[in-house]
Amino acid sequence: MEEPSGEGNAALVRGGVEFDERDATLLREIDETGSVAKASTILGRSRARDLSRIDELESAFGDLVDRSRGGPDGGGSRVTDNATRLLNRYERLQVALSATAQVPETVLEGTVSSVSGELADVTTSVGFVRGLHDGVTRDDHVQVRIGADALTVLDPAADPDLDSTSARNRLSGTVTDIRRGETVFTVRVDVDGVDVRVLVTEDSARRLELAAGREVVLTWKATATRIVHEL
């Protein structure tokens, strides 16, 4: 089971192994350069130690780096889809720990289309949204509340299939504005005329090349969505 560290600094823990900022920086640099050796050099680290660290992380978190050897270009490395998901989880934890102000919410209105246990599907102006409910029934008019720190921003080209991820909600939109805060960015995304706000780290904003006009995909878990009766 993976849990956030209880420390003040962001860290994901699984099987006694912690994934922290130093590890995230290494994976981002490998993704940028396509090489463990180049990443280690740029970061001023030992390649041997970084390779050993990757092996340790992979023993707990699964495959993170695909490495090839030989060939005319001398081989190379790339981060796996699993590594990208791990980085996304880590960045969401960073946002949660860094944001000192109240996290903004996007509020949608809609009608409950189905209820299954503690989850309900709601028809909204931007499509179906699934979330945790407070005792709603079919055809109830409700609000859907989504915290800005619960959403993950993806490049449309890297958009995963819903069956391959636990994030059961997905919307496509266009970035309209980016505001730099003290520790995180607030990104506004237009989704079919609805203004959705997302908190992202500076590293995430840079990696995704976020700017006004950028097409993005937003994903988030049903368990991070609250469905409540209209006030």
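The following legends describe close-up views of a predicted model. Local features need pLDDT of at least 70 and side-chain atom pairs count only at pLDDT 80 or more, whereas totals for chains, interfaces and linings use all residues. Residues are numbered from 1 along each chain as its sequence is written, and side-chain values use heavy atoms, with hydrogens and water left out.

**View 1. Packing of helices α1 and α3.** Helix α1 (residues 21-33) packs against helix α3 (residues 47-61) at an angle of about 110°, and their axes lie 11 Å apart. Helix α1 is therefore roughly perpendicular to α3 (65 to 115 degrees). The contact (heavy atoms within 4.5 Å) involves Asp-23, Leu-26 and Ile-30 of α1 together with Asp-50, Arg-53, Ile-54 and Leu-57 of α3.

**View 2. Salt bridge between Arg-67 and Asp-55.** The two side chains meet at 3.4 Å, N to O, in a salt bridge (a side-chain nitrogen of Lys or Arg within 4 Å of a carboxyl oxygen of Asp or Glu). Arg-67 belongs to strand β4 (residues 65-68) and Asp-55 to helix α3, so the pair ties together parts that are 12 residues apart in sequence. Arg-67, at 37% relative accessibility, is partly exposed (buried is under 20% relative accessible area, exposed over 50%, partly exposed in between; 1.4 Å probe, protein chains only). Asp-55 is also partly exposed, at 43%.

**View 3. Salt bridge between Arg-180 and Glu-202.** The closest N and O atoms of this pair are 3.7 Å apart. Because Arg-180 lies in strand β11 (residues 169-180) and Glu-202 in helix α5 (residues 202-207), the bridge ties together parts that are 22 residues apart in sequence. Arg-180 is exposed at 59% relative accessibility, and Glu-202 is partly exposed at 45%.

Definitions and conventions: Axes are lines fitted to C-alpha atoms, for helices over the stretch in contact, and angles run from 0 to 180 degrees between N-to-C directions. Helices (H or I, at least four residues) and strands (E, at least two) are DSSP runs, numbered from the N terminus. Angles under 35 degrees count as roughly parallel, over 145 as roughly antiparallel, 65 to 115 as roughly perpendicular and the rest as oblique.
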